[in-house]
Structures are given as C-alpha cells and as structure tokens.
Amino acid sequence: MAPLESTTNIKGPNYNGVLGLVKISPAVSQALSQGKAVVALESTIISHGMPYPQNLETAKEVEAIVRDNGAEPATIAILDGMPCVGLTPEELERLATLGPKCQKTARRDIAHVVATKGNGATTVSATMIFASMVGIPVFVTGGIGGVHRHGENTMDISSDLTELGRTPVAVISAGVKSILDIPRTLEYLETQGVCVTAYKTDEFPAFFTGRSSCKAPCRVNSPEDCARLIDANLNLHLGAGILIAVPIPEEHSASGSLIESAIQRSLKEAWDKNITGNAQTPFLLARVNELTGGASLASNIALVKNNALVGAQIATCLARLRRTKVMTCSKFSVRVINSVKVMAADIIIQVYDTSIWISSFVTVLESSFRQKKSKIWKDDKKIKSSHWYQQNKNDNISDS
C-alpha cells in the first residue's frame, strides 16, 4: 500500500491512524498544514449524478470556483483501493469516464472497496469520514440523502443522516433532494442531534427549488455566521455535524409543480421496476431529468456551483477565525511566558540575596565560634599553669 504523500502536520483527530492508509494531494496537505481553507467535495455526484462529459466539466468548474474564492478543493474518492483526498486532473477524468462503474461508496462499503482494491465514488457519509480523518471541517455537496418517500414502510433511510449525527463536519448543500420525504428527514436529523440551519432564509430549501414549506430550525445570514457556528460546534466537541442548507439561486430554480409531477412519475416507475436501495436515487434523478427535458440537470449543476461558492467563503472565514484565535493564544502565551520570566528573575534575585545573607551570617557565626574557641583555649591554658592547678595535680599523684 502506498505511503501517505505528505509528511506535514495535519491535525485530523485520527491522523496518526491514517498514515499509510490515505493519500493526500500535496496541495491539500500544504493548505491543511498552514491552516488555510480547504473544502471537501464528494465524488458520487461525478460518477452517478451526471452523464459524461458534463460531470467532468462540472467537477473542474466547481474546483475552480472553490480556488477562486480562497480555498483549496479536496475531491475525495477511492481509486484502486486507495482513499484519495484531493484528485489530480487525470484522476478526475478517470473518475468521470468510469461513471457508474465506480461503486457508490457509503460508510458500510469503504472497507470492502479498499480491501478489494476497487474504485469507489464517495457519498456524503464516506466523504465526511475521510474529511474528518484529515482535519477538513467544511464539505460541499449538491444535496444530502434522507428518508425516502414511504420510508415509514421500507425503512429506506440514507446513511448520510446517521453520519451527520456522528461526524463533526459541516455539510453545505441545497437541502435534501426533493425526491425524498423532507419533513421526515428533518425529524430524523433532530433525533440524531444535528444542527440544521438555512442560509439567508427561514424556509428549508428543497434542492431543485428554494421552498419546501418546512421551517428551518435555525438561520444564518453570512459566511461569518456559519464560521462561528462551525467553530463553536468543534470547540464544544459535540461530535455531530452541521447541515447548512443553501437555497438554489432563484434564476435557476425549477418549477415546483413540474419537478413534483416528474418525481411522482419516477417514483411509480422505480416501484414497478423494483429499484431500491442505493440504486434508487441515481435512477430517480436521471428519470426526473428526462421528464423535465433537462431542466433538473441544469438546476443541479447551478446549485452545486452556488454551494461551492458559499462553501469556499465559509471555509475561508473559518480559517481566518481560527488563525486569529491561534494568534491571540500565542500572544497570551508570550505574555504568560514573559511574566513567568520576570517572576523567575525576581525569585532568583531574592534567592541570591538570601544566599548572600546566609553566607554572611555563617561567616559571622564562624568568626564568633573561632573567637570563643580561642578564648576557651587561653583560659584553659591559664588554669593549667596556675599554682592551684599544679598543687591539686601533685596531690592527686601522691594519693595514687
């Protein structure tokens, strides 16, 4: 297995365990090590969301939008069994030409695709996992998966939702794909403890349109608001992700009635053909695009580009915010260190002064002791030389 390309200090929570298991492009590695903005991008939208060559063109344009707005794009995929964070132009083209031949890879599929050295296009859940591993807090996609219509009977619920409840990555999307059950999806996200917020609107967007008739739990009005929200979530170690729902620009919004009619017809066809599981969403999106005469695909491309723009702005604000905090902490640390140095110097001076006093005191004691010793010696000599001492000494000798 190839080693990790970078040797820089990437601050992902599981980085030590990732060494040798994930390939990080030099550009992404450098941006992470320098604390610059990085935006994770999924690859299922390339392989399964659009036909070739529109998928490749869109992927390149989305990466360019991210770069133009101050962040480094990190498209994530598994190629020949190696999870890759940041793809080269050649790898992007390979992914786009493989298309549906790439395995659609969610959390449950990662180990199998890696073990069999397969090619995997990462869904929202798998992309979140790898982004979190290497320390990328912002991830842009088109729309997340959710609770499928009639999910109360089929239990068809996307792993995107449970991943949002367990992985601390902010997902910027155009809401939930409108082929899904949006109210039940929002209920499920609440159960998972996911902060769901809408960008510059009070209504939760519905992918192809900006309106779903569902009120958003929270609202943010700027990239700075989003950055502060993400920063708070990370600092509190809540463990869950954040869903930031960005409405599709009004000029690209598809007709709600046209889309809903196409969705209902596509759902019936999927039911009749027994298309279920992870094959259902690509089928529904493709069929809706056919029934709307390409209008839904055009809307899909427009919303992805808009999400990339907003996501890059959020990532840039977040990187700036965190750098400012680091600089503030550094200045505080310098002040603390300087204060400690001053205190240490004072202590050293006091110890030195004390040692001099003790030394002087000892010198005085020694001098006094020597004087007393000399006096005792002299007194003793006088006594021994006295007549009385000599007489007593002679008497004692005579008695013996």
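1. The buried residues of α7 are Val-124, Ser-125, Ala-126, Thr-127, Met-128, Ile-129, Phe-130, Ala-131, Ser-132 and Val-134. Gly-135 follows α7 and has a positive phi, near 90°. Helices (H or I, at least four residues) and strands (E, at least two) are DSSP runs, numbered from the N terminus.

2. On the basis of the model: this is a predicted model, in which local features need pLDDT of at least 70 and side-chain atom pairs count only at pLDDT 80 or more, while totals for chains, interfaces and linings use all residues. Residues are numbered from 1 along each chain as its sequence is written, and side-chain values use heavy atoms, with hydrogens and water left out.

3. On the chain as a whole: the protein chain has 15 helices and 11 strands. Of its 400 residues, 48% count as buried. Among contacts (heavy atoms within 4.5 Å) with a separation of 6 or more, 72% are between residues 24 or more positions apart. The chain exposes about 20,600 Å², of which carbon and sulfur atoms supply 58%; accessible areas come from the Shrake-Rupley method with a 1.4 Å probe, and for residues only the protein chains shown count as cover.

4. On the core: a nonpolar core is a set of buried Ala, Val, Leu, Ile, Met, Phe, Trp, Tyr and Cys residues joined through side-chain atoms within 4.5 Å. The largest one has 102 residues, and those with the most contacts inside it are Val-85, Ile-136, Ile-144, Leu-189, Phe-204, Ile-230 and Ile-244. Helix α14 (residues 295–384) gives the most to this core, with 12 residues. Apart from neighbours within four places in sequence, Ile-230 is in contact with Val-138, Ala-170, Ile-242, Ile-244, Ile-314 and Leu-318.

5. On Ser-296: this residue lies in helix α14. Ser-296 counts as buried because its relative accessibility is 1%. Leaving out residues up to four places away in sequence, Ser-296 touches Phe-208, Ile-259, Leu-285, Val-288 and Asn-289. Ser-296 and Ile-259 are 37 residues apart in sequence, with their C-alpha atoms 7.6 Å apart in space.

6. On strand β4 (residues 82–85): Met-82 and Cys-84 point one way and Pro-83 and Val-85 the other way, and all are buried. In a regular strand the side chains alternate between the two faces of the sheet. Two strands pair if DSSP finds at least two bridges between them. Strand β1 (residues 23–24) runs parallel to β4 and is joined to it by two bridges, with Lys-23 opposite Cys-84. Strand β3 (residues 72–79) runs antiparallel to β4, with four bridges; Ile-78 has Pro-83 as its bridge partner. The hairpin of β3 and β4 has two residues between the strands, and Asp-80 takes a positive phi near 55° there.

7. On Thr-105: this residue is found in strand β5 (residues 103–105). Thr-105 counts as buried because its relative accessibility is 0%. Not counting residues up to four places away in sequence, Thr-105 touches Ile-78, Ile-110, Val-113, Gly-120, Ala-121, Thr-122, Thr-123 and Ala-126.

8. On the cavity: on a 1 Å grid over the protein atoms alone, a cavity is a set of points where a 1.4 Å probe fits but cannot get out, and a pocket is an open set with protein on both sides within 12 Å along at least five of seven lines; lining residues have an atom within 4 Å of a point. Grid points are joined across faces, edges and corners, and a volume is the space filled by probe spheres set on the points. The count comes to one cavity of 30 Å³ or more. The largest cavity has a volume of about 140 Å³. Its lining has 15 residues, of which Glu-42, Ile-45, Ala-59, Val-62 and Val-304 are the closest to its centre. The elements giving two or more residues to this lining are α3 (44–47) and α4 (54–68), and the largest share, five residues, comes from α4.

9. On the second largest pocket: its volume is about 640 Å³. The pocket is lined by 32 residues, of which Lys-104, Thr-123, Ser-158, Asp-160 and Asn-278 lie nearest its centre. Helices α3, α9 (159–164) and α13 (280–291) each supply at least two lining residues, and α13 gives the most, with three residues.

Conventions:
Buried < 20%, exposed > 50% of the residue type's maximum accessible area, 1.4 Å probe, protein only.
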